[in-house]
Amino acid sequence: MQGRLSGVAARIRKDVPQALPVHCLAHSLNLCLQDSGRKITLLRDALDIVREIVQLIKKSPKRKHLFSEKLTNHESVHKGLKPLCPTRWTVRAEALDAVLKQYYKVIIETMEEVHSTTHDEYGLKAGGIVTALEKFDTLFGLQLGHLLFGCAENTSKVLQAKDLLIQEAMSAVNVTRAFYQRQRQDDAFNVFYDSVLKGAKELEIGEPVLPRYRKAPQRYDDGAPHVQFSNPRSFYRQKYFEACDLLIQELHDHFGQEKQEFTVEKLEKQLGILVDVIHVELPEVKKVTSASVYISEIDYD
């Protein structure tokens, strides 16, 4: 839409230079999360796992019934899994919350039974899902996604209000940025990491381990010293801070002053031209009250 040469905004401004293009703020927030989610490996893999779980269960009445039975045995308060929308990245917190707080054990039990009783591609997928869910990486990614997407989801609801003012919108974005900046602190990370460790212990998931060190091929080695972590906490701290930094930077890129052409000052300047328009004398307009009045104005010559 906002292409510099042939976008819709560029074409309109070619005819009306005073026009102010305004990109959808909710869509801009969605793009921030989309770009960040694709760059963060742990978060991307965790979301893919959730998507695979929902598709595997919901696309088969037999597997859906099996999941419902196991869900009844666990007396869960939730009613079902929430699908991940492929385009709206700001509505994922509920889906992640369902997997994390209600269905984790139920999903593992369901996938284990599907893997042992189904001898086709779906059985193989179920086995892969079980292996992934039993890793600390997956739980960490799910918890991180729930933390980051949950805040953005609330902001997205604010940005979609019909009577929203531009000052209120930018204030909501600034609050979100401040939240991510507060999370990028050692104290906040330690609290988050300890909660993931506690959840892993309750779910009987393996302890966090450092990834195996892999030397880069010589053609890709630029001579820079390789980063080696002394313990898993320092490794996940780097991943956690990387996610916060990316989101903060994405918010700055999409909502920074240099990107927001639509400002209050520019709006006031544009509205200033209405003062002259108001005093322009309009042509006389006759009110048509009946068909005879309309016919009398017709020139038959």
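Guide: Contact here means that heavy atoms lie within 4.5 Å, and we shall apply that idea to a predicted model.

Visitor: Which residues does D35 touch, leaving aside those up to four places away in sequence?

Guide: With those sequence neighbours not counted, D35 touches E250 and H254. D35 itself lies in helix α2, which covers residues 25-39, and the C-alpha atoms of D35 and L246 are 8.7 Å apart in space although the two residues are 211 apart in sequence.

Visitor: Is D35 buried, partly exposed or exposed?

Guide: Buried means under 20% relative accessible area and exposed means over 50%, with partly exposed in between. D35 has a relative accessible area of 25%, so D35 is partly exposed.

Visitor: How should I read a helix such as α9, and which of its residues are buried?

Guide: An α-helix has 3.6 residues a turn, so residues three or four places apart point the same way. In α9 the buried residues are A188, F189, F192, Y193, V196, G199 and A200. They cover an arc of only 125 degrees around the axis, which puts them on the same side of α9. Those buried residues pack against α7 (136-159), α8 (166-183) and α10 (232-255), whereas the face turned away from the buried side carries the exposed residues D187, V191, K198, K201 and E202.

Visitor: What span should the 17 residues of α9 have?

Guide: At 1.5 Å a residue, helix α9 (residues 186-202) should span 24 Å, and its end C-alpha atoms are 24 Å apart, which agrees. After α9 comes E204, whose phi is positive, near 60 degrees.

Visitor: How many salt bridges does the structure hold, and where are the partners E113 and K70?

Guide: Side chains of opposite charge can pair when their charged atoms come close. The structure holds 8 salt bridges, and in one of them E113 pairs with K70, their closest N and O atoms being 3.1 Å apart. This pair links distant parts of the chain, with E113 in helix α5 (residues 93-117) and K70 in helix α4 (residues 61-73), 43 residues apart. E113 is partly exposed because its relative accessible area is 31%, while K70, at 17%, is buried.

Visitor: Why are E153 and K157 separated by about one helical turn?

Guide: E153 and K157 are 4 residues apart in helix α7, and therefore about one helical turn separates them. Their side chains meet in a salt bridge, at 4.0 Å from N to O. E153 is buried, with a relative accessible area of 13%, whereas K157 counts as exposed at 56% relative accessibility.

Technical notes: Residues are numbered from 1 along each chain as its sequence is written. This is a predicted model: local features need pLDDT of at least 70, side-chain atom pairs count only at pLDDT 80 or more; totals for chains, interfaces and linings use all residues. Side-chain values use heavy atoms; hydrogens and water are left out. Helices (H or I, at least four residues) and strands (E, at least two) are DSSP runs, numbered from the N terminus. The expected span of a helix is 1.5 Å times one less than its number of residues. Buried means under 20% relative accessible area, exposed over 50%, partly exposed in between (1.4 Å probe, protein chains only). The arc is that of the directions from the helix axis to the C-beta atoms.
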